[in-house]
Amino acid sequence: MGPPRSKKRKPTFRKLLKTSNVKLENKLKNRHFKQQSSSKKYRKEQKRLRQALKDESLRTPAPLERYKKRAEEEPEEEFEESLPVDMMEENDLEEMRAMGQKASFLTRDISSCEPVHARKRKSGNAVETYEKKPRRMPAEEKKEVIHLLPIKDKTGIIRQTMEKPVVEEAEEEEEEEAELQEEENESGYEAIDMSALDPEEQLQLRRQRLQDRKTRIAGLGSAILSDPTSNIKKLKELRSMLMEADPCVAVTVRKVVMISLMEILKDIVPSYRIRPLTEEEKATKVKKETQQLREFEEGLVSQYKFYLEDLEQTVKDWKQKKKKKSETVSLQAYKGLALVAIRCLCELMVALPHFNFHNNILVMVAPLLNDACPEVSTMCCEHVKKLLKQDKMGHASLGMVKVISGLVKSRNYDVNPEVLKCLLSLRIKEVELKKDTEHVAPKKKFMTYKEKKKNLSRMQRKWKKAEEKLEKELLEAEASESKDKKIKLHTETLNIVFLIYFRILKKAQKSVLLPVVLEGLAKFAHLINLEFFDDLLTVLHNLIESKDLTYRECLHCIQTSFTILSGQGDVLNIDPLKFYTHLYKILLHLHAGATNDDVRIVLHCLESMLAKRRKQVTLQRALAFLKRMSTLSLHVLPNSTVGLLASGRTLMHAFPKCDLLLDNESQGSGVYLPELQEPEFCNPHNTALWELHMLTRHYHPMVRKFATHLVVGAPSEGSRALSSELSRRSAVDLFEEYSPKDMTFNPPVPTSSSKKKEHFDAVDVFLDAQLKRQVDDALADTTASSALDFATHFGNASC
């Protein structure tokens, strides 16, 4: 038998390769650590050297100390100094010269009277002097032991460790900040007494310094925008200029830096949210490009956070009127800095709704919506409306609505109505109205593997697999998942909005927020759950009956109630006759003055009350509303008249028997009572639409066209029919199109030719001459008959 086989196996090539990779990685770590330690030592040495040079430059040379001589020694020293050298013996002179060469003048303590070359004698109190010396224990650095891979050689296994000194991060940050501050002080201007300069010199000096700062800001900004990944550290340098210490240009420089940082961040921020790396991801070895991207993202997030903190602190200082110790910025300049900071916050809120810290910005901006300064509140409200209008997915809208809800509740509903008007800009058109939506439209379900194996053959399973793969790709292309997520976000957002509205209706009915609440309910009423309809209609009716509302608020209540009933409320068996009566009363409150714009709400109400609910409306009610609409069209502006006539056309098509109002010879029982406020009992069938004949001679061409169209019964075909473009447009669209709010006439007035103009000018001159002659004749004749003739002639001439 041979020798026993060794149990130890030779390491495989793969294991050796793995071990070598680990060794190489350890070498790289060691090299990186050495580089860091050496660079840190170099920084410390440079710092000490700068400090020493700075101290030496500031130190003034002190005169040498003069010690008072004792009275006993003075004559001896004078005698020794007065002794001539030639009177000494040669041996003594050589001995003194030798002693002078051996003496160490540089190390001598001049203040001590002890002889320099006295021999050191061993004193018995050596222990006492040792005990008197101060003791300092050598400070040992905290070191962390890193265990490296062991090495195996002929002698055995050699374990390797490396000591890594633990340096606190706070100390490193303090050192870096101190270095930056020193560099800034070195590069800064010398302190100049501004009071010693003339006003012109002060202005010139300020312009020069401001131009230098602007040049530096422009250089840093262009460097960051040219290559953000490599120059992200310059963002910190630019942000440090927010602490400008020169009181001459501090306010202007800080404003310019705030706006510059805002614009730079809007350009370099990526289109995704940056999340912090996990410990496993940090320990994983990645490519150089990936590591560079990670460093860029980490630096960007940290600088963005510090920038937002600076803006928030600026606003807080303005609110608290906190006076700084340095007095670089005066209290009067706080408002200007705060306005710029608020503008930057609002711009970042609108431009970067997807990026980090967006919720923090919302929390900062929300209290400013109700600020006492109108400039601040208006700016914030405009940017919030812009944010809600452009938000498509709903994340930013949900966050903003939550913050506004908390603000309204914390202030006990004592907020500016403009805060709630911002909610009218929400882009919500579809929500989950039922909890059992999945049962109505179930999701696509795929067969499991067991079901396929049990019910399908091998070929069928193969085809089924390909079919399911194709369906999954189609679902991804349609983005159905994102649509469902969007609907859920919109549903949650709208629930919070209705919670705000219902709280105000319940607890603060006499608040200034009630008109905005009613307007919001009128806009989002079609999205309210069915279970709230009955209670909401009761509350709206009680509000109208209380007579505490203005006519505009009553219109919003009516619009809300009929928007509810025209949507999901169709299934409810409710006859809102009281709301018809309220609208019939309110119609005559409108006129061509300030209330002309409220005709838009009336047109919405008429569409939902009469056109959409024509099956629930009686003929008497339709005739009464048609007559009152024609009466109202006489004393409103042309665009409102066009809208009312378009609504009347729709009503005549929905109720064909309304044409009896166009017949003067039709008679019925009773007399028309226009002052009666009940549309069912005012006998509208006994009147006629005589207002249309007056409107056919209106100065506005569109009013004449619609009035002529209605006089003949609003035909759909023939010469008196409207064009397809006009007939398809709604009454609200016509009201908006022909609005004179921009002081323009729509359609434009055609210009006359030059010949016609000359002809009319000649006619005007002739008529003026005739009128003047008749006036002179009338003044000459004082009889009553001549005065009557003058009036007659004047009327004929004017005609």
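Mentor: Start with R275. At 52% relative accessibility, R275 counts as exposed, because the cut-off for exposed is over 50%. Keep in mind that this is a predicted model.

Trainee: Where is R275 placed?
Mentor: R275 is in the loop between α8 (250–268) and α9 (279–283).

Trainee: How far apart are R275 and V301 in space?
Mentor: C-alpha to C-alpha, they are 9.3 Å apart. In sequence, R275 and V301 are 26 residues apart.

Trainee: Let's move to K266. Where is that found?
Mentor: K266 is in helix α8. It counts as partly exposed, at 27% relative accessibility.

Trainee: What does K266 touch?
Mentor: Leaving out residues up to four places away in sequence, K266 touches E347, L348 and A351. Take L348. It is 82 residues from K266 in sequence, yet the two C-alpha atoms are 7.3 Å apart in space.

Trainee: What about the whole protein? How many helices and strands?
Mentor: The protein has 32 helices and 4 strands. There are 799 residues, and buried ones make up 33% of them.

Trainee: And what share of the contacts comes from residues 24 or more positions apart?
Mentor: They account for 70% of the contacts with a separation of 6 or more.

Trainee: Now a pair of helices. At what angle do α24 and α26 cross?
Mentor: Roughly 0 degrees. Helix α24 covers residues 599–611 and helix α26 covers residues 638–654. Their axes come within 10 Å.

Trainee: Parallel or antiparallel, then?
Mentor: Angles under 35 degrees count as roughly parallel. So α24 and α26 are roughly parallel to each other.

Trainee: Which residues make the contact?
Mentor: From α24, you have V599, L603, L606, L610 and A611. From α26, you have S640, G643, L644, S647, T650 and L651.

Trainee: How does that contact split by class?
Mentor: The contact of α24 with α26 has 7 nonpolar and 4 polar residues. No charged residues take part.

Trainee: What lines the largest cavity?
Mentor: L626, M629, S630, L644, L645, G648, M652, L689, L692 and L710. Spot L644 there. It is also part of the contact between α24 and α26.

Trainee: Which helix gives the most to that lining?
Mentor: α26 does, with 4 residues. Both α25 (619–632) and α26 supply at least two residues each.

Trainee: How do the lining residues divide by class?
Mentor: Into 8 nonpolar and 2 polar, with no charged residues.

Trainee: Is K547 buried or exposed?
Mentor: K547 counts as exposed, at 73% relative accessibility. Now look at A714. Its phi is near 55 degrees, again a positive value in a residue other than glycine.

Trainee: Where is A714 found?
Mentor: In the loop between α28 (701–711) and α29 (724–727). A714 is buried, with a relative accessible area of 4%.

Trainee: What else is in the loop between α28 and α29?
Mentor: R720 is placed there. At 44% relative accessibility, R720 counts as partly exposed.

Trainee: Which residues does R720 touch?
Mentor: Not counting residues up to four places away in sequence, R720 touches T708, H709, V712 and P715. The C-alpha atoms of R720 and T708 are separated by 7.6 Å. Along the chain, those two are 12 residues apart.

Trainee: Last one: T581. Buried or exposed?
Mentor: T581 is buried, with a relative accessible area of 7%. Its place is in helix α23 (residues 577–586).

Trainee: And what does T581 touch?
Mentor: Q677, E678 and P679, not counting residues up to four places away in sequence.

Conventions: Residues numbered from 1 in each chain as written. Predicted model: local features only at pLDDT ≥ 70, side-chain atom pairs only at ≥ 80, totals over all residues. Heavy atoms only, no water. Axes fitted to C-alpha atoms, helices over the stretch in contact; angles between N-to-C directions. Parallel < 35°, antiparallel > 145°, perpendicular 65-115°, else oblique. Contact = heavy atoms within 4.5 Å. Nonpolar A, V, L, I, M, F, W, Y, C, P; charged D, E, K, R; others polar. Buried < 20%, exposed > 50% of the residue type's maximum accessible area, 1.4 Å probe, protein only. 1 Å grid on protein atoms, 1.4 Å probe; cavity = no way out; pocket = protein on both sides within 12 Å on 5 of 7 lines; lining within 4 Å.
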